[in-house]
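Here are my notes on the model, as numbered points. Have the viewer open while you read.

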Amino acid sequence: NNEKPANAIDGLAATKYLNFGERRTGFIVTPGSGSRVVQSFVLTTANDAEASDPASYVLFGTNDPVTSEEHSGGERENWTLVSGGPLSLPSERGAAAPPVSFTSTTAFTSWRLIFPTVKNAATANGMQLAEAQFFTAANGTGTPVLAPSDPIIAVQLPLSASSSPGNETPPLAIDGNTA
């Protein structure tokens, strides 16, 4: 109860957001400042368990009203991929990571930030971060977008249930044999 998603945007490096779902977890946030173009973000490491720090990210935006529920997959909205890639969070606790910059020119009213991986899945007990802040310009500059009063919910994308039996694998779809 004391490590909810709201802690990720409360402006305090001493608090944290912890999600025991670990992989493919994150949050949806709707900034009260309205529709904005975001071109960078900065994450701050939480107080313990470096293994639980995010190791990669995928950022999406939407202009749909957010109707997804807390702890859902956050998939009720039409999301547009904005950026994704590896993260390089410092080992130091309570430290801001280097800004993550990307090219984006589309303004969105809500954002979904997902962390597909953590630093060490073998020893992690979840995904954690102390702070997240989005910015309107590259390199963590421009106007900060997130505020402590913004609605924010925890999400976890569902894991794929895709599988194929050994004698019916995807390469057989293009092997030139109709049998």
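1. Start with Glu-131: its side chain reaches the backbone nitrogen of Gly-11 at 3.0 Å. That falls under polar contacts (N or O atoms within 3.5 Å; within protein, one must be able to donate a hydrogen and the other to accept it, and residues adjacent in sequence count only if both atoms are side-chain atoms). Bear in mind that this is a predicted model, where local features need pLDDT of at least 70, side-chain atom pairs count only at pLDDT 80 or more, and totals for chains, interfaces and linings use all residues. Numbering runs from 1 along each chain as its sequence is written, and side-chain values use heavy atoms, with hydrogens and water left out.

2. Does Glu-131 sit buried or exposed? Buried, meaning under 20% relative accessible area, with a 1.4 Å probe and protein chains only. Still, Glu-131 has no salt bridge (a side-chain nitrogen of Lys or Arg within 4 Å of a carboxyl oxygen of Asp or Glu). The nearest side chain of opposite charge belongs to Lys-16, 13 Å away; Lys and Arg count as positive, Asp and Glu as negative, while His and the chain ends are not counted.

3. Glu-131 is part of strand 9, residues 131–135 (strands are DSSP runs of E, at least two residues, numbered from the N terminus). Beyond neighbours within four places in sequence, the contacts of Glu-131 include Asp-10, Gly-11, Leu-12, Val-42 and Thr-44; contact here is heavy atoms within 4.5 Å.

4. Now the rings. The count is 6 aromatic pairs (Phe, Tyr or Trp rings, the six-membered one for Trp, with centres within 6.5 Å; planes under 30 degrees apart are stacked, over 60 edge-to-face, the rest tilted). Phe-41 and Phe-102 make a tilted pair, 6.3 Å centre to centre with 45° between the planes. Phe-41 is in strand 3 and Phe-102 in the loop between strands 6 and 7, so the pair ties together parts 61 residues apart in sequence. Both of these Phe residues are buried.

5. Phe-108 and Trp-111 pair edge-to-face, at 5.3 Å and 85°, and both are buried. One aromatic cluster takes in Phe-27, Phe-41, Tyr-57, Phe-102, Phe-108, Trp-111 and Phe-134.

6. Last, have a look at Ala-95, in the loop between strand 5 and strand 6. Why does Ala-95 count as buried? Because its relative accessibility is 10%. The C-alpha atoms of Ala-95 and Ala-13 are separated by 8.0 Å, though the two residues are 82 apart along the chain.

How values were computed
Helix = DSSP H or I, 4+ residues; strand = E, 2+ residues; numbered from the N terminus. Buried < 20%, exposed > 50% of the residue type's maximum accessible area, 1.4 Å probe, protein only.
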